Amino acid sequence: MQRLFVMYEKMLLIRRFEEATAKAYASGKIRGFCHLYIGEEPVAVGAIENLEPQDYVICTYREHGHALARGITPRAVMAELFGKATGCSKGLGGSMHLFSRELNFMGGHGIVGGHVAVASGHAFASKYRGDHGVTLCFVGEGGTNIGGFYEGLTYASLWNLPAVFIIENNLYAMGTPLYRSQPSRDLTAKAKAFNMASERIDALDVEVVYDTVKKAVVRARSGQGPTLIEMITYRFRGHSMSDPAKYRPAGELEEMKEKDPLDTTRERLLKDGFTAEQLAELDGKIAAQVDDAIAFAEASPETTYEEMQNLVFS
Ligand SMILES: Cc1ncc(C[n+]2csc(CCOP(=O)(O)OP(=O)(O)O)c2C)c(N)n1
C-alpha cells in the first residue's frame, strides 16, 4: 500500500510537471521539439520503481516522465527544457536529450528505435563488469519497425544480456495507428524471432506494470536473459506540441480519459485507507515542487559560449 502511494506521488509529479511544461511552451519559454507523456505515467513509474542504482534507463524523446521517475530533479529537468546552464544536460540537449551520468539515465534519443541497440550495449557493459546491473529500455510501438530494434534484441538474446525492453504501445506513431503500420496487433509476436521471453499487459494500472517488470528484472539480474514487454497505454495529448491529434476516432480520447490512471490510482488509495486530507496535502506539495522548478528554470543563466565550446565535441 505504501508503494502505491509512492508511485502515485511520482505519477502526479509527472502529470503536473508536464501540464506546466505545456503552459511554458505556449508562452515561448520552451522551444524546439517537445513530446508530452500525459496519460502514460504508469509505464515509466511502475517500471523504474523496480530499479537499483547500478541499473541503466534509456528512452525515446518522450522521456520527461522517465527522467523524473529515475530521480533527476524537477529543477534540473525543467531548466533543461528552458535550455539553461543548470539543466541536466547543461541546456544543450533540451526536451529530447535528458541525461544523468550519476543516475545512469542514458537519454533521451530522437532517432526512433536507434537507442535499442545502445541499450544492449549498456546491458553488455553490466554483464562484462559483473555488477548485476539491468538495463531498462523504453521504445514506442512505431520504433519496433526500425533496424536498431532488431539489432538490439538480437544481441540481447544471443548474449543473454540483462535487459528489459518495454514497448510503450500508445496506439499511434505520430498520426499513424498501429494497424496501418504493422501486420500484427500483438507486438510480443516479435519476441519469438529472438527466442526471448515476453509479456503483454494493459498498462493503465501502475501496480500491474510494477509486478510485470519486477519478474523481468529478477530474470535479467539472475542471468536468465532479456524480456520484451508490450504495454498498452494511451497518450492524452498530441504526438508533439504542434499536433492537434485530429486522427483519433470520435470519442476515443474521452473514453480513455474516463480511465485516467491518476484518477483510478487516487480512488484505490482512498479505498486502501488514505484520507482525502493526505491526498490534498500531496497535491499542495507537488504544486509547490513544480512552481519551484519553473522559478528555478526562469532564474537560471544561459549556457555561456565558452561552456558550449568545452562541452560540444567538434
Ligand atoms: C529514424 C527516424 N525516423 C523517423 C523519425 C520521425 N518520427 C519522430 S517520432 C515518430 C513516431 C514514433 O512513434 P512511436 O515509436 O510509436 O513512439 P511515440 O511517439 O508514440 O511515443 C517518427 C516517425 C525519427 N525521429 N527517426
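Tutor: In this predicted model, the ligand is surrounded by 16 residues, and the closest are Val112, Gly140, Gly142, Gly143 and Ala173. Sorted by class, that shell holds 7 polar, 6 nonpolar and 3 charged residues.

Now for the strand: let's take S3, residues 163–169. Of its 7 residues, 7 are buried. Side chains in a regular strand alternate between the two faces of the sheet. Here, both faces of S3 are covered: Ala163, Phe165, Ile167 and Asn169 are buried on one side, and so are Val164, Ile166 and Glu168 on the other.

Next, the neighbours. S2 (residues 135–140) pairs with S3 in the parallel sense, over 6 bridges. Leu136 sits opposite Val164, and Cys137 has Phe165 as its bridge partner. To get from S2 to S3, the chain goes through helix H6 (residues 147–158), making a right-handed β-α-β crossover. S3 also pairs with S7 (residues 227–232), again parallel over 6 bridges, with Ile166 opposite Ile229.

Zoom out, and you have an open sheet of 5 strands in the order S1-S2-S3-S7-S6, paired in parallel. S1 (56–58) and S6 (197–202) are at the edges with a single partner strand each, so one side of each has no neighbour in the sheet. From one strand to the next, the twist averages 15 degrees.

As for helices, H2 (residues 41–48) lies across S1, S2, S3 and S7, at about 165 degrees to S3. H9 (residues 206–221) packs on the sheet too, touching S3, S6 and S7, with its direction at about 170 degrees to that of S7.

Terms used:
Residues are numbered from 1 along each chain as its sequence is written. This is a predicted model: local features need pLDDT of at least 70, side-chain atom pairs count only at pLDDT 80 or more; totals for chains, interfaces and linings use all residues. A residue is near a molecule or strand if its C-beta atom, placed from the backbone, lies within 6 Å of it. Ala, Val, Leu, Ile, Met, Phe, Trp, Tyr, Cys and Pro count as nonpolar, Asp, Glu, Lys and Arg as charged, and the others, Gly among them, as polar. A residue is buried if 20 or more other C-beta atoms lie within 10 Å of its own, exposed if 12 or fewer, and partly exposed in between; C-beta atoms are placed from the backbone. Helices (H or I, at least four residues) and strands (E, at least two) are DSSP runs, numbered from the N terminus. Two strands pair if DSSP finds at least two bridges between them. A crossover is right-handed if, with the strands pointing away from the viewer, the path from the first strand over the helix to the second runs clockwise. Axes are lines fitted to C-alpha atoms, for helices over the stretch in contact, and angles run from 0 to 180 degrees between N-to-C directions. Two residues are in contact if their C-beta atoms, placed from the backbone, lie within 7 Å.
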